[in-house]
Each structure stands twice: as structure tokens, then as C-alpha cells.
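Here are my notes on the model you sent. They go from the whole chain to single residues.

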Amino acid sequence: MTAPAPVTAAGLPLATRIGQVNQRLKGWEAVRWVDGRPRVTDVLRAEVDRWGGLGALYGVLRADPWSAVRWEDGIPPERSAEAYAAVQEHVRRYGDGLPVLFVEEAPHGLMALGGTTLPVNLALGAGMDAGLTEELGALVAAEARARGTHVALVSGLDVLRDPRWGRAEECFSEDPMLAATLVEATVRGMQGTAGCDDPIDAGHVAVVAKHLAGQGAGIGGRNGSGAPIGRRELGELHLRPAFAAARAGVAGYMAAYNDVDGVPCSANEELLTGTIRDRWGWSGLVMADGTAVDRLRDSAPDPASAAALALQAGVDLSLWDEALTHVEEALDRGLVGEDVLDRAVDRVLALKRRLGLLGEQDPATSAASGPAPTGAEPARERDVVALVERAARQSVVLVRDDGVLPLRDGATVAVVGPNADDLDAQLGDYTPPRPPSDPAASTVLSALTDRLGAGRVRHAAGSRLRGPLDDGPEPGALAAVREVCAAADVSVVVLGGTSRRSYDDEFAANGAVEGPAPDTTNGEGVDLSSVALPQAQLDVARAARAAGRPVVGVVIDGRPRVLTELLPLVDALLVVPFPGPGGGAAVAETLLTGSASGRLPATFPAADGVLPVAHDERLETARAYSDNPVLRGLPLGSAHAPGISAVLRDDTATVPASALAAGAAAVLTVDVTNTGPAPATVSVPLYGRRHERGVRPRRRTLLGVQRATVGAGTTTSLTYRLGLDALGSWAGGEPVAVPVTVGVWCTPDTDEPAGAATVRVTDQEDTTPWER
């Protein structure tokens with residue numbers, strides 16, 4: 001049978017082409033679940049009548065307080081494909097016949113009823129495990145595609161440069177190397193492809209990675225604010241994860257809200273065309289963030305001009321915008337050429353083709369891979385639970401232990417603090433409502449009760465996250481904390497934050513929290529001017545300390561916090577980025593074994609007002625503040641691993657720049673020794689400082705990281721191949737081999753130690769500019 005001719009923009013009516021670049025509707029408003037089946041709404045009918053079809057439809061499955069979808073009225077997980085099929089059938093019957101791309105959020109799991117909730121990205125950054133991250137990506141993709149989803153919107157490009165930003169939890173790290181490694185693993189796992197043009201099979205989804213670019217560098221940590229950074233800063237920090245995603249064949253990017261040096265990302269032709277397409281050779285689709293094109297009204301006189309700006313820059317698909325409905329006017333006024341519109345349409349069609357939606361199969365049925373074979377579902381559920389539990393365990397960072405851990409056998413434990421028994425506080429932002437029953441979910445209190453028995457566990461909340469539970473000169477809530485702690489052998493104080501969303505909250509047009517959310521401390525729309533732990537939480541720790549028993553602090557949060565006041569109040573400290581529903585069991589495991597394998601994925605400041613403090617800030621000639629001489633409380637990579645030592649074996653390695661560009665690498669070896677009584681799993685980071693003539697160096701950067709399990713009383717050797725990514729210059733946003741001298745070490749030092757190894761990337765004269 002002869003294959004049908006490829007569908008192209010040139011063969012489509014103007015209205016259809018405009019419809020293909022629009023993604024105006026919210027899916028939960030376009031199709032509803034009524035009387036046990038999906039019903040398309042007048043909203044969808046009007047849109048199809050207007051344009052003859054849809055380019056994409058966002059959020060058919062989305063369930064959360066913004067969408068107001070709950071278990072009672074949402075689309076049942078096992079019948080998701082029916083809802084999608086109802087939309088496809090309506091579009092094909094009453095529209096142009098082109099299939100719709102079904103787009104869903106997957107910030108840390110599919111944001112739909114019954115979707116598996118993973119630890120947030122910052123928690124995966126603590127694990128520093130690319131292999132596990134890829135497996136988790138494949139898990140989410142299989143789950144989403146089996147339900148009929150085509151495209152997943154996935155966070156990972158943002159680099160955390162300011163902990164005041166409410167979306168810090170969506171970042172993998174403050175370090176671009178770690179962010180790039182994990183976003184590349186995510187794309188590989190979710191798409192199952194190696195290149196940008198490779199077909200995406202029925203077991204995977206297309207990824208639109210967000211956000212491009214520089215959103216993590218917003219002024220004051222305010223969401224969507226401008227990034228006043230230079231080209232080198234943009235390239236070295238913020239484009240490196242995007243380049244890694246392009247190399248993995250990512251299907252799309254989401255253009256961010258922010259501007260870079262005054263130019264909005266969704267109108268930045270140099271970024272969206274000159275960099276990612278012309279220079280990188282990437283050929284995918286760019287989607288604007290929600291209402292981002294409409295926000296160009298501060299840069300354009302009217303909606304048609306805003307649409308023209310976005311299309312000309314390289315945006316191919318809107319998200320909830322009205323501006324791109326004015327494309328015909330923009331064409332009539334000569335603001336943009338028809339060839340530019342056709343370019344965008346062809347990119348939308350190319351993604352549909354890549355997903356197999358433009359072939360002879362019915363798109364509504366080919367979108368789903370069908371039910372699992374008989375007997376396979378329980379096995380898959382066990383695999384899913386095991387992976388998520390492993391990720392939660394790796395998110396736990398043991399920062400300090402003065403001999404309190406592991407908790408001794410037979411000890412009675414007081415578990416106090418606002419996050420001690422709050423499952424929602426472990427889940428992160430943009431999480432669907434929890435299922436009515438979830439036996440795998442646990443809080444710190446429930447997990448310790450399960451492990452130790454109810455008779456050995458005492459509990460008192462002590463405070464809310466932002467304020468006290470009650471008032472008065474002798475608050476009863478704090479008195480209860482002292483009472484239960486005095487009656488126990490050890491106290492576990494669980495503090496931190498939450499990205500909890502309530503169905504009573506108010507939301508902005510793009511779904512960000514707008515109010516009132518009285519105890520929410522994290523998430524989109526919840527930027528903070530202070531990242532110190534609130535005094536109400538510190539009062540709980542003080543009450544526990546006043547009881548005279550050893551105190552273990554546990555901070556469950558989605559952003560770096562100032563822990564300076566907490567440290568004198570505890571004998572051991574765990575930091576846990578939002579670990580997901582199984583986080584309680586992961587924390588309990590560390591408390592009972594005294595060991596953890598996570599490392600801080602970002603630097604924790606020593607005090608408010610000392611930002612920025614990232615471990616890779618450039619060296620300064622100025623001193624620190626007069627009132628705060630210490631800037632960094634806990635740098636990236638911090639972890640307490642008793643009995644573990646790492647020694648860099650090699651003194652010097654040399655690789656010519658020409659060979660580095662061709663794929664060669666400098667090879668270094670680290671010997672990891674475990675003198676402890678039990679096997680230990682650790683991440684071993686390798687740090688470096690570039691010495692380039694005329695460029696002020698960053699204090700240190702991550703060159704590589706590996707995880708290893710080291711047997712008791714043994715040494716394991718790890719080999720690091722430092723190739724172009726590690727040793728090349730990222731000043732332009734992609735790695736370039738240049739002669740340079742790099743100091744390398746594997747100890748926790750934030751400055752290059754005296755015994756650091758040297759890696760030389762040499763020129764044709766076998767030297768480097770630093771050595772001349």
C-alpha cells in the first residue's frame with residue numbers, strides 16, 4: 001500500500017495553520033467526565049469550528065486545586081484514553097482531520113489522578129544518580145503514554161541560582177553540570193530516542209523541557225523576573241542543560257517568562273533561532289510558557305505585534321495565549337511573513353509525525369499502548385514502588401551526626417515539629433490529589449511508629465510552618481513538645497516547608513498560587529524574601545533542646561534554607577528535599593541505620609542577605625559583609641559519611657585541545673575507602689577550577705560525579721573520563737575545546753587545595769596560556 005503524502009503547512013488553509021500553532025484551551029474545560037463517560041464541551045466545539053482543528057490540547061488529565069478536578073469528578077486513570085479519544089473523534093469528524101497533540105504536566109510524575117508521584121528534581125539532584133533518573137523518566141513516560149498522553153512538560157533546564165525563588169524544587173541543582181547530566185538522563189528515559197528526528201514509540205512520550213532560559217537567575221529570586229546576566233553567564237550556567245537536552249534529542253523547549261538582559265525569552269530570536277537551531281542544529285518545537293506571548297504586550301503595542309514577535313523569534317506553539325489568534329492580522333499588516341507561520345506549523349506537524357500520529361493508524365487508538373498483559377500489572381507496580389523508594393532514600397542527606405545516630409535499640413522517640421506527620425509537605429508543587437488509599441505512603445511519624453511500635457513513639461506538632469499553633473505567654477503547643485521530649489530518650493524535630501495547594505486557594509491565570517495559602521512556603525508564586533527558618537519552627541527545636549535529651553533535626557523542604565540558628569540546637573541534622581510520598585520511610589531508615597547516600601545539590605546560605613552563595617560563584621576581590629563574614633553555611637556536595645575517604649590518585653593529566661574536540665578525554669582515578677563496619681553507598685564528586693588568562697575563575701565547578709557501593713574495610717577505584725563537556729569552555733552555550741589548565745580535587749574543599757591534581761588541555765606547542 002502506498003503511504004499517504006506527507007502533510008505540510010503549504011497544503012493547509014490559513015485558518016487551519018493558525019489553529020495548529022494555538023494551544024489555547026485547558027483540557028479539563030474541553031472534555032468532562034459525566035455519568036461515567038467523557039463529554040466534549042461547547043468550549044472545544046467552538047474552538048474546532050473556529051480553526052478547523054487544534055494544534056495541541058493541554059491538561060485533559062490534569063487534576064489539582066487550580067483545575068478544581070478531584071477524584072470524585074475527574075477522569076478515572078484506567079479510562080484516560082477514552083477521554084482523549086473523544087476529543088480526537090470530534091476533531092476528525094468536525095474539523096480538518098489532523099490529530100491533536102495531548103500535552104500534560106510531568107514535573108515529578110504525571111500530574112493526573114493516579115499518577116505516580118516522584119521525589120522532586122532537587123531530591124534527585126541530592127541523589128546524583130543519572131542511571132536512576134533515567135529509569136524514573138522511563139517509568140513516567142510508560143505510564144503517561146499508556147493513558148494516551150503524547151507530550152510531557154518536564155522541568156529540568158532551570159539552574160538554581162537564588163534560593164528565594166519558590167520554584168527551587170523544580171531544579172536539579174545550582175551546578176549546571178549536574179543539571180545537564182540529570183536532564184539528559186530524563187530525556188533519554190522518557191523519549192527512548194538518541195536524536196531529534198528519531199521516532200518516539202508507543203511506550204514513550206515527547207518531552208518539552210522547561211524553561212529556556214535563565215529563569216533560575218531572576219532578580220531577587222522573583223518568579224519570571226529578568227535575568228540581568230551576560231553572555232558568558234548565560235552560556236556557562238543556563239544553556240548547558242539545554243544543550244544536553246538537545247543532544248539527547250529532546251522534542252521541544254518551553255520558552256520562559258523571564259527576559260535575558262531585557263529581551264523576553266519568547267521574543268528572543270538570537271536564543272530561539274540563532275542559538276538552539278542555527279548553532280546547535282536542533283530541529284524541534286518551541287512552546288511558549290503559559291500566557292508568555294500575551295505577556296509580550298509590555299514589549300509590543302498590540303496582540304498582533306506580540307504574536308509576530310514570538311513567531312519571528314522561533315516560537316511554534318502557544319499555551320493559553322490569545323495573541324496567536326491574531327496571526328491573520330499580523331500577516332495582513334506585514335508584521336510577519338507567511339513563511340514564518342508555515343515554519344512553525346511544519347514544526348508542529350513534525351512532532352506529530354515523530355509520534356506516529358500522521359500515519360494510517362487511527363491517532364486515538366495508536367496513542368495508547370493498550371492494557372498490560374495479564375499478571376504484568378502487579379509486577380510493574382512492585383517495580384515502580386521499588387524505584388520510587390530508592391529515589392526517596394537517595395534524597396536524604398545526613399549533614400551532621402555527633403554520635404546520636406543510629407538510634408539505639410529500645411529507645412523511646414519523640415517525633416515533633418510541623419512536618420513530622422504531614423504527607424502533603426513531602427510532595428512538592430503541582431502534585432495531583434493523593435489516592436484514597438496508598439499503603440506505600442509514609443510520614444516520619446508513621447514510619448517510625450511502624451518500625452518501633454506505637455508504644456515507643458511520642459508526638460506533638462509544636463507549631464505551624466509559618467507561625468505558632470496557639471498564643472499566650474506559655475504556649476500549650478510548645479509545652480507539649482517539652483513534655484513528650486522529656487519522656488523520650490531522643491527527640492526528632494521535623495521542620496521545613498511545603499508546596500501544599502488547597503482547593504480553597506486563589507490562583508493566577510497561569511496556575512501559580514496567588515492567595516491565601518496561609519501556611520504554604522514553596523512553589524510557583526511563593527517566592528520568599530527570607531529563607532531563614534521561621535522562629536515558630538526554631539521555637540519547637542528550642543523546646544526539644546530544653547527537655548535535655550539528644551535532638552535530631554530533619555529539614556524537609558524544597559529550597560536551601562539558613563540553618564545557622566538550628567545547628568546549635570541539634571546533635572544530628574538531616575536535610576531532605578521534598579522526597580515524595582515514601583519520604584517518611586526513607587528518613588526513618590537513616591535514623592535507624594545512621595547512614596545516608598545523598599549530598600546537598602545546592603549551597604545553603606549562612607544568613608539571610610548574603611546571596612548569591614552558589615559553590616561556583618566567581619572569586620571575588622572584595623571581602624564578605626562586615627556583619628556576616630561567613631557566606632556559605634553548607635556548600636553543594638556537603639554530606640556526613642563517617643569512615644568514607646576519597647583520594648585522587650593522579651597528579652597530572654594532559655590532553656591536546658584538538659584531541660579533546662575529537663572525543664578524547666583526560667582520565668583520572670579516585671580511590672574510595674570505607675573503614676566502617678558495613679557497606680556504604682556514596683556519591684563521589686570531582687571538583688575543578690579553570691585557569692584561563694583574562695577570565696576570573698569560578699571558585700569551583702563540578703567536573704563529574706559517580707556513585708559507588710564500597711564494602712566494609714575495602715577500597716573501590718572510580719575512573720573519571722573528563723571529556724569535552726568537563727574540560728571545554730561553555731562560554732557560548734556549547735562545549736568548545738580551548739587550551740586551559742584545570743585544578744582538580746575530590747575533597748570537600750570549596751577552594752582549590754594545595755595538593756590538587758592538574759589537567760592540562762594543551763595547544764599545538766604542548767602548553768597552555770596559563771603556563772606561558
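1. What radius of gyration would a compact globule of 772 residues have, and what does the protein chain have? This is a predicted model. A compact globule with 772 residues would come to near 28 Å, and the protein chain has 26 Å, which agrees. Along its principal axes, the C-alpha trace spans about 75 × 75 × 55 Å.

2. Of the contacts between residues at least 6 apart in sequence, 78% join residues at least 24 apart. The accessible surface of the chain is about 27,500 Å², and carbon and sulfur atoms account for 50% of that surface.

3. The secondary structure of the chain comes to 21 helices and 28 strands. Five of the strands form an open sheet in the order β22-β28-β27-β24-β25, with mixed pairing. Its edge strands are β22 (652-656) and β25 (701-710), each of which pairs on one side only. From one strand to the next, the twist averages 20°.

4. Within that sheet, look at β24 (residues 680-691). Strands β24 and β25 pair in the antiparallel sense over nine bridges. V684 has Q706, in β25, as its bridge partner. In general, strands of a sheet pair through backbone hydrogen bonds, either parallel or antiparallel.

5. A parallel case is β7 (residues 252-255) with β10, which pair over four bridges. There, M254 has M287 of β10 as its bridge partner. Strand β10 (residues 285-288) is covered on both faces: L285 and M287 are buried on one side, V286 and A288 on the other.

6. Some backbone geometry deserves a check by eye. Most peptide bonds are trans, and most residues other than glycine have a negative phi. The bond joining K210 and H211 is cis, with omega about 10°, and H211 lies in strand β6 (residues 206-212). The bond from G515 to P516 is also cis, with omega near -10°. P516 is in the loop between β16 (513-515) and α18 (535-546).

7. Which residues have a positive phi although they are not glycine? M128 is one of them, at about 50°, and sits in the loop between α5 (121-127) and α6 (130-146). The relative accessibility of M128 is 4%, so M128 counts as buried, the cut-off being under 20%. D766 has a positive phi of about 60° and is placed in the segment after β28 (757-762).

Terms used. Residues are numbered from 1 along each chain as its sequence is written. This is a predicted model: local features need pLDDT of at least 70, side-chain atom pairs count only at pLDDT 80 or more; totals for chains, interfaces and linings use all residues. Side-chain values use heavy atoms; hydrogens and water are left out. Two strands pair if DSSP finds at least two bridges between them. Helices (H or I, at least four residues) and strands (E, at least two) are DSSP runs, numbered from the N terminus. Axes are lines fitted to C-alpha atoms, for helices over the stretch in contact, and angles run from 0 to 180 degrees between N-to-C directions. Buried means under 20% relative accessible area, exposed over 50%, partly exposed in between (1.4 Å probe, protein chains only). The radius of gyration is taken over C-alpha atoms; the globule rule is 2.2 Å times the number of residues to the power 0.38. Contact means heavy atoms within 4.5 Å. Accessible areas come from the Shrake-Rupley method with a 1.4 Å probe; for residues, only the protein chains shown count as cover.
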